[in-house]
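User: I have a structure open and would like to go through it with someone. Can we take it piece by piece?

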Amino acid sequence: MADAEFLTVLTTAGSEEAAQHLATTAVAQRLAACAQLDGPVRSVYRWQGKIEDDTEWRVLYKTTAARYPELARHIEAVHPYDTPEIIATPITAGSDAYLSWLRTETMG
């Protein structure tokens with residue numbers, strides 16, 4: 001990931017309202033150029049020794065590697081979960097126009 005200039009960052013939230021808040025606040029602070037919400041999705045996972053089965057909403061951010069540390073801190077601070085999912089994936093290719101827009105929109 002160290003070589004990637006651009007990233008997608010994934011998190012989930014327990015309600016559409018929480019997902020919307022996570023998305024809107026990150027974009028407003030230029031931590032991400034855009035955030036897409038989708039759901040509901042069904043998540044099955046182990047938490048504190050139990051199998052959980054919950055409905056969640058996904059938030060997929062588009063950001064730069066330079067803004068990732070601040071975005072991750074923001075998600076941790078704003079997220080209602082004790083241990084929010086934060087997964088970053090490098091963007092290995094994209095249109096020049098889109099990536100230029102992404103870079104411009106995340107300049108702090």
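**Strands, cores and a pocket**

Analyst: Strand 1 and strand 3 run antiparallel and are joined by eight bridges. Keep in mind that this is a predicted model.

User: Which residue in strand 3 is the bridge partner of threonine 11?

Analyst: Threonine 11 has valine 59 as its bridge partner in strand 3. Leucine 7 is bridged to threonine 63, also in strand 3.

User: How many bridges are there between strand 1 and strand 4?

Analyst: Four, and the pairing of strand 1 with strand 4 (residues 87–90) is antiparallel. Within that pair, leucine 10 stands opposite isoleucine 87.

User: Is strand 1 enclosed or open, then?

Analyst: Seven of its eight residues are buried, so strand 1 is largely enclosed by the rest of the structure.

User: OK, strand 2 next. How many bridges does it have with strand 3?

Analyst: Twelve bridges pair strand 2 with strand 3, in the antiparallel sense. For example, serine 43 stands opposite aspartate 54 of strand 3. The two strands form a hairpin, with two residues between them.

User: Is glutamine 48 buried or exposed?

Analyst: Its relative accessibility is 67%, so glutamine 48 counts as exposed.

User: Where else is there a positive phi?

Analyst: Arginine 30 has one of about 60°, although it is not a glycine. That residue lies in the loop between helix 1 and strand 2. Arginine 30 counts as partly exposed because its relative accessibility is 34%.

User: Switching to the inside. Which residues touch the most others in the largest nonpolar core?

Analyst: Val9, Tyr61 and Leu71 do, out of 16 residues in that core. Strand 1 (6–13), helix 1 (16–28), strand 3 and helix 2 (68–78) each supply at least two of its residues. Helix 1 gives the largest share of this core, five residues.

User: What does tyrosine 61 touch?

Analyst: Leaving out residues up to four places away in sequence, the contacts of tyrosine 61 include Leu7, Val9, Leu22, Ala26, Cys34, Leu71 and Ile75. There is also a second, separate core of five residues, among them Phe6, Ala33, Ile91 and Leu99.

User: Last topic, pockets. How much space lies in the largest one?

Analyst: The largest pocket holds about 230 Å³ of space. Among the residues lining it are Thr12, Ser43, Tyr45, Trp47, Glu52 and Asp82.

User: Which strand gives the largest share of the lining?

Analyst: Strand 2, with three residues. Strand 2 (34–47) and strand 3 (50–64) each supply at least two residues of the lining.

User: And what classes of residue are in the lining?

Analyst: The lining of the largest pocket has four charged, three polar and three nonpolar residues.

Conventions:
Residues are numbered from 1 along each chain as its sequence is written. This is a predicted model: local features need pLDDT of at least 70, side-chain atom pairs count only at pLDDT 80 or more; totals for chains, interfaces and linings use all residues. Side-chain values use heavy atoms; hydrogens and water are left out. On a 1 Å grid over the protein atoms alone, a cavity is a set of points where a 1.4 Å probe fits but cannot get out, and a pocket is an open set with protein on both sides within 12 Å along at least five of seven lines; lining residues have an atom within 4 Å of a point. Grid points are joined across faces, edges and corners, and a volume is the space filled by probe spheres set on the points. Ala, Val, Leu, Ile, Met, Phe, Trp, Tyr, Cys and Pro count as nonpolar, Asp, Glu, Lys and Arg as charged, and the others, Gly among them, as polar. A nonpolar core is a set of buried Ala, Val, Leu, Ile, Met, Phe, Trp, Tyr and Cys residues joined through side-chain atoms within 4.5 Å. Buried means under 20% relative accessible area, exposed over 50%, partly exposed in between (1.4 Å probe, protein chains only). Contact means heavy atoms within 4.5 Å. Two strands pair if DSSP finds at least two bridges between them.
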